[in-house]
Amino acid sequence: MGSPGVTAYRSDGKKTIDTLLATKNQSKTAGLLRLTFDQVHGVMERAVKRGLKRRDPQRVYAHISMDEKSYRKGHKYISILYNADDGSVIEVEDGRDGDSVDKLCVKALTPRQRQDVETVCTDMW
C-alpha cells in the first residue's frame, strides 16, 4: 500500500478536483492532499482539456455572462464567458479590455452560436 502520511489519489484526479471545488484554491488543495502546487495545477489543466474536448459546438447558449477576475495578487486579469443558465465556464481569455471580450466570443462561440444568444449579462468595467 502507500506510504503513511501520503494521500492516495486517482490517476484521473477525482479527489483533487473534488477538493479544488470545495476549497476553490490550488495552494489549499495541495496542502490538504499533501501534493505540490504543480501536481494540483496539472490535474486541473488536464480536467479543463478533457472538458473542452467534450464541448458541443452545436450547443445553444441563450443566456451568457461575462466577468473579469484578477489573479497574481490583482496584477493580472482574465475575462470569463459563462453559460448563465447553469454557471458553467464556456471560455477564458487573458486581459479584461474590449479586445479580450471580442477574442473570447469569437474563440468560444461559432457564428451560429453567437446568433442564438438572447441575453448577455456583464459586470466588467
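Q: How are axes and angles defined here?
A: Axes are lines fitted to C-alpha atoms, for helices over the stretch in contact, and angles run from 0 to 180 degrees between N-to-C directions. Helices (H or I, at least four residues) and strands (E, at least two) are DSSP runs, numbered from the N terminus. The model is predicted: local features need pLDDT of at least 70, side-chain atom pairs count only at pLDDT 80 or more, and totals for chains, interfaces and linings use all residues. Residues are numbered from 1 along each chain as its sequence is written, and side-chain values use heavy atoms, with hydrogens and water left out.

Q: Why are α1 and α2 called oblique to each other?
A: Their axes lie 9 Å apart, at an angle of about 130°. Angles under 35 degrees count as roughly parallel, over 145 as roughly antiparallel, 65 to 115 as roughly perpendicular and the rest as oblique. The α1 and α2 pair is therefore oblique.

Q: Which residues of α1 and α2 meet?
A: Contact means heavy atoms within 4.5 Å. From α1 come Lys 15, Thr 16, Thr 19, Leu 20 and Thr 23; from α2 come Gln 26, Lys 28, Thr 29, Leu 32 and Leu 33.

Q: What makes α2 roughly perpendicular to α3?
A: The axes of α2 and α3 cross at roughly 115° and come within 8 Å. So α2 counts as roughly perpendicular to α3. Gln 26, Ser 27, Thr 29 and Ala 30 of α2 touch Phe 37, Val 40, His 41 and Met 44 of α3.

Q: How do the residues of the contact of α1 with α3 divide by class?
A: The axes of α1 and α3 cross at roughly 95° and come within 10 Å. That makes α1 roughly perpendicular to α3. Thr 16, Ile 17 and Leu 20 of α1 meet Val 40, Val 43, Met 44 and Ala 47 of α3. Ala, Val, Leu, Ile, Met, Phe, Trp, Tyr, Cys and Pro count as nonpolar, Asp, Glu, Lys and Arg as charged, and the others, Gly among them, as polar. The contact of α1 with α3 has six nonpolar, one polar and no charged residues.

Q: What volume does the largest pocket have, and which residues are closest to its centre?
A: A pocket is an open set of points on a 1 Å grid where a 1.4 Å probe fits, with protein on both sides within 12 Å along at least five of seven lines; lining residues have an atom within 4 Å of a point. The largest pocket holds about 1,600 Å³, a volume being the space filled by probe spheres set on the points. It is lined by 32 residues, and Met 44, Val 48, Ile 78, Val 89 and Val 92 are closest to its centre. α3 gives the most to this lining, with 10 residues.
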